[in-house]
Amino acid sequence: MRSIPFPLADLLESYGRLAIALSGGVDSAVVLAATAEVLGTGNVAALTAEVPYVAEREIMAAREVAESLGVAHYIEELPFPAELRDNPEKRCFLCKKKLLGFLQGKARELGFPLLADGSNADDSPENRPGMRALEHLGIASPLRSAGITKINIRTLARAWNLSSAEKPSNTCLLTRFPSGRSITDDDLHRVESAEDYLLDRGYAAVRVRDFGSMACIEAEPEEVPRLASDGAEVASKLKSMGYGRVTLDLEGYRFASMNVRKEKADE
C-alpha cells in the first residue's frame, strides 16, 4: 500500500473518478499512482497523446508505468498540428491547448468528467507558458494544488518503486529547434535518432539542438568531459544522420536554452 500525503489524498478522494494525462515523466506517473491508490484502478484512466514531436521513448515510458500500476491506458495518435509547424513562440500554450483539449474530450467519452495533469508546486505560468492552457481548459493539477514539489515527487516515486523515479525531466522535440523554424517530420526524426544514440551510450538529460546543418549537443555538466572525449565518434555518427557540423555546448544542459540563445542573438 502506498502512503499518500494527506492534502493530496483528500483532494484525489474528492474527485471520485479521474483521468490522467500521462506523459513519460515522473510527475504524471506519481499522480497516476496516487490516484489509483486512493480511488482504485477502476476509477482512474491514463491517456497519452502520441504526436510526431514526442519521442517514442516517452510513449514507452508512459506505457510501462500504466501497465505496472494495472491502470487502463489509452494512447491516442494525433497528426502534427498545423499551428505548430512553424514552431511559434507560443508553441507551449498552443500545444497544451490542442493536446489536452483532445484528451479531455476522450476522457469524457470514457466516462471521466475531469482530466488531470502532472504540474507541481514548483511550476508557474511565468516559466511554463503552457500552464495558461490548463486554466483555460479547466484541467486539474492535484500535485500543484496539494503543494507537492519536485523534490517531494522524486521521494514518493522512489518509495513507490515507480519505473520513472530516476528518469530525467524531458521536453518535447520542438524545443530542440529555434522558434519560427519550419519543422518537418524528417527534422523531428533526425533529432530523436541523434538523442536516442546518445542516450544509448549512457548520457542522461541530453539535448541535440538543431540549427539546420549544425547540431549542438547539450549534456549534464558532469558528463561534458566524457562527451568531449567521445567527440570524434559522436560527430561521425551525427554527420551520418545529415548534420554537416556537430558542436558541444561546454556549459552543459540548461532548461530553455534555446530561449537564451535567441535573447542573446537579439541583443
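Guide: First the terms: two strands pair if DSSP finds at least two bridges between them. Helices (H or I, at least four residues) and strands (E, at least two) are DSSP runs, numbered from the N terminus. This is a predicted model, in which local features need pLDDT of at least 70 and side-chain atom pairs count only at pLDDT 80 or more, while totals for chains, interfaces and linings use all residues. Residues are numbered from 1 along each chain as its sequence is written, and side-chain values use heavy atoms, with hydrogens and water left out.

Visitor: Fine. In what order do the three strands of the open sheet with mixed pairing come?

Guide: The order is 5-6-7. Strand 5 (207-211) and strand 7 (245-248) are the edge strands; each has a single partner strand, so one side of each is left without a neighbour in the sheet. On average, neighbouring strands of this sheet are turned by 25° against each other, direction ignored.

Visitor: How many bridges between strand 5 and strand 6?

Guide: Five bridges, with strand 5 and strand 6 (residues 214-218) pairing in the antiparallel sense. Arg-207 has Glu-218 in strand 6 as its bridge partner.

Visitor: Which strands does helix 10 lie across?

Guide: Helix 10 (residues 231-240) lies across strand 5, strand 6 and strand 7, at about 140° to strand 7. Helix 8 lies across strand 5 and strand 6 and runs at about 150° to strand 5. For such angles, axes are lines fitted to C-alpha atoms, for helices over the stretch in contact, and angles run from 0 to 180 degrees between N-to-C directions. Contact means heavy atoms within 4.5 Å.

Visitor: And the four-stranded sheet, what is its order?

Guide: That open sheet has the order 3-2-1-4, with parallel pairing. Strand 3 (72-77) and strand 4 (115-116) are at the edges with a single partner strand each, so one side of each is left without a neighbour in the sheet. Helix 4 (residues 91-109) packs on the sheet and touches strand 1, strand 2 (44-50), strand 3 and strand 4; its direction makes about 140° with that of strand 2.

Visitor: How many bridges join strand 1 to strand 4?

Guide: Two bridges join strand 1 (residues 18-21) to strand 4, and the two run parallel. Ala-19 has Leu-115 as its bridge partner in strand 4.

Visitor: Is Cys-92 buried, exposed or partly exposed?

Guide: Cys-92 is partly exposed, at 35% relative accessible area, and Cys-172 is partly exposed at 23%. The bands are buried under 20% relative accessible area, exposed over 50%, and partly exposed in between (1.4 Å probe, protein chains only).

Visitor: Now the second largest pocket: how much space lies in it?

Guide: About 460 Å³. Of its 23 lining residues, the closest to the centre are Arg-57, Glu-58, Lys-167, Pro-168 and Leu-199. On a 1 Å grid over the protein atoms alone, a pocket is an open set of points where a 1.4 Å probe fits, with protein on both sides within 12 Å along at least five of seven lines; lining residues have an atom within 4 Å of a point. Grid points are joined across faces, edges and corners, and the volume is the space filled by probe spheres set on the points.

Visitor: Which helix gives the most to that lining?

Guide: Helix 3, with six residues. Helix 3 (56-69) and helix 8 (185-200) each supply at least two residues of the lining.

Visitor: Last one. What does Ala-34 touch?

Guide: Not counting residues up to four places away in sequence, Ala-34 touches Ile-4, Leu-8, Leu-12 and Trp-160. Ala-34 is in helix 2 (residues 26-39) and is buried at 0% relative accessibility.
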